[in-house]
Amino acid sequence: MKIETGKGTIPLVVLLAVWSVSAISSLPGLAVSPILGDLNGIFPKATDLEIQMLTSLPSLLIIPFVLLSGKLSEGPGKLRTLTVGLVLFFLSGAACLFARSMTGLIVISCLLGVGAGMVIPFSTGLVVDYFTGDYRIRQLGYSSSINNLTLVLATIVTGYLADVEWHLPFLVYTLPGISLALSLFLRRQPAAAEPEQSAQLRHKSIDRRKLAELMGLYFFITYTVLVVTFYTAFLVDDYKIASSFSGVLISLFFLAIMLPGLFIDRIIRRLRRNLNFVSLLLICAGLLCCGIFRDKTMLAAGCLLAGLGYGAMQPIIYDKAATIAPPRSATLALSFVMSVNYLAVMVCPFLVDLFRHMTGTHSDRFPFLFNAALAAVAAVLIWFRRENFTLGLDESYYKN
């Protein structure tokens with residue numbers, strides 16, 4: 001079976017290889033999540049600092065290695081960089097299964113963060129290499145959907161595995177072994193050159209101003225919706241709802257992020273230059289539902305709306321990042337954009353605490369209501385700047 005790319009065709013197995021890298025890019029941190037509450041019992045001598053390091057150090061290491069991998073991708077050894085990252089990711093994940101001390105687990109997790117960081121830019125970079133035009137935006141949508149669907153399924157699996165034995169959730173970190181095996185087909189079928197009409201060929205280097213704007217927008221929308229994952233558990237507790245319902249809400253949120261990617265080309269043709277405006281309104285409405293209503297149905301609706309808004313914007317930001325760079329630098333541009341996702345994850349709790357301190361409130365509703373207000377302000381700004389490259393959507397996306 002041959003898959004159309006806009007540059008020709010590729011075998012189905014090459015597409016599966018590309019998708020497999022997209023599927024594993026959100027795995028870091030998943031295996032630790034279901035055992036965080038039990039770590040003091042698993043490692044009685046572990047300090048609070050060590051537990052914090054286990055969760056924060058790997059995430060911190062991902063950021064510089066995402067950028068390093070993006071820079072290395074400009075050279076001739078792009079697939080070698082991917083292979084090294086996959087090997088390190090896989091071996092570190094396998095080693096976690098045999099960890100017997102907190103120190104050992106921290107060291108292995110840091111190595112895993114390094115490997116994951118080297119792989120993450122290729123989750124979108126390979127799509128940009130192999131596809132162009134409408135085919136690219138459609139595949140970036142699929143890539144986003146696969147990423148978030150894997151996140152939901154892996155979260156469910158690790159939760160069950162943690163109830164059996166605390167090492168077992170780390171099995172999800174061996175999934176890069178599948179990508180490593182499939183990467184052999186990427187070597188056999190290199191990506192074709194960009195067609196002459198490609199917007200990328202108009203650039204000799206990355207457009208830094210547009211890159212900075214895209215990074216700012218991606219950081220903003222990621223920070224805005226992250227309150228769903230960070231603060232839903234506190235909100236559910238405040239509303240006197242069973243704590244297990246917070247897991248349901250977060251799963252619905254990630255499922256909603258997945259859905260727009262499956263139909264991103266149709267969404268673009270329908271909303272055109274209003275896509276970002278509508279997406280911000282959905283995020284605003286979703287966060288308001290969570291912050292105002294105590295009803296389970298409205299909480300679920302809020303998480304779905306916020307996820308749908310974010311999921312519609314994500315693949316388009318990735319595509320724009322690719323179009324502002326020449327082909328050899330596209331993965332580097334994407335690495336900068338993707339790095340702010342992890343930056344937002346790290347700073348979100350600190351920013352929320354800062355805003356809480358400034359407003360003098362400790363309400364569990366505050367993160368949702370405040371970020372809803374930020375999304376509303378952004379939506380108004382976007383309405384008046386729909387002709388802007390970053391905030392709008394030019395007709396090249398929907399003229400066909």
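Glu387 is exposed in this predicted model, because its relative accessibility of 65% is over the 50% cut-off. The side chain of Glu387 meets that of Arg273 in a salt bridge, with N and O 2.0 Å apart. Arg273 sits in the loop between α11 and α12, while Glu387 belongs to the segment after α15 (366–384), so the pair ties together parts that are 114 residues apart in sequence. Arg273 itself is partly exposed, with a relative accessible area of 31%.

**Salt bridges**

The count of salt bridges comes to nine. Another of them joins the side chains of Glu74 and Arg328, at 3.4 Å from N to O. Here the loop between α3 (48–72) and α4 (78–96) supplies Glu74 and the loop between α13 (296–323) and α14 (330–359) supplies Arg328, so parts that are 254 residues apart in sequence are tied together. Both partners are partly exposed: Glu74 has a relative accessibility of 22%, and Arg328 has 49%.

How does burial look for Arg136 and Glu194, buried or exposed? Arg136 is buried, and Glu194 is too. These two form a salt bridge whose closest N and O atoms are 3.0 Å apart. Arg136 lies in helix α7 and Glu194 in the loop between α8 and α9, so this pair ties together parts that are 58 residues apart in sequence. Lys7 joins Arg136 and Glu194 in a network of salt bridges.

Here are the three pairs side by side.

| Pair | N to O distance | Separation in sequence |
|---|---|---|
| Arg273 and Glu387 | 2.0 Å | 114 residues |
| Glu74 and Arg328 | 3.4 Å | 254 residues |
| Arg136 and Glu194 | 3.0 Å | 58 residues |

Ser198 is buried, because its relative accessible area of 8% is under the 20% cut-off. From Ser198 to Leu299 there are 101 residues in sequence and 44 Å in space, C-alpha to C-alpha.

Helix α9 covers residues 208–238, 31 residues in total, and reaches 44 Å from its first C-alpha to its last, close to the 45 Å expected. At its start, a side-chain oxygen of Asp207 comes to within 3.3 Å of the backbone nitrogen of Arg209. Where does α9 bend? The bend is at Tyr231, by about 60°.

After α9 comes Lys240, with a positive phi near 60°. Lys240 is in the loop between α9 and α10 (244–262), and is exposed, with a relative accessible area of 73%. Arg272 is another non-glycine residue with a positive phi, near 50°. Its place is the loop between α11 (264–271) and α12 (275–292), and its relative accessibility of 43% makes Arg272 partly exposed.

Which residues make the nonpolar surface patch of about 470 Å²? They are Leu149, Leu153, Ile156, Tyr160 and Leu255. Helix α7 (residues 133–164) gives the most to this patch, with four residues. Tyr160 lies in α7 and is exposed, at 61% relative accessibility.

The 13 residues of α1 (residues 12–24) should span 18 Å, and the end C-alpha atoms are 19 Å apart, which agrees. Buried residues in α1 include Val14, Leu15, Ala17, Val18 and Val21. Ser20 and Ser22 are buried there as well.

Terms used
Residues numbered from 1 in each chain as written. Predicted model: local features only at pLDDT ≥ 70, side-chain atom pairs only at ≥ 80, totals over all residues. Heavy atoms only, no water. Expected span 1.5 Å × (residues − 1). Bend = angle between axes of the 7 residues up to and from the residue. Polar contact = N/O pair within 3.5 Å; in protein donor to acceptor, adjacent residues only side chain to side chain. Patch = residues over 30% accessible without salt bridge, like charges linked within 9 Å, V, L, I, M, F, W, Y side chains within 5 Å. Areas by Shrake-Rupley, 256 points an atom, 1.4 Å probe, with all protein chains shown as cover. Salt bridge = Lys/Arg side-chain N within 4 Å of Asp/Glu carboxyl O. Buried < 20%, exposed > 50% of the residue type's maximum accessible area, 1.4 Å probe, protein only.
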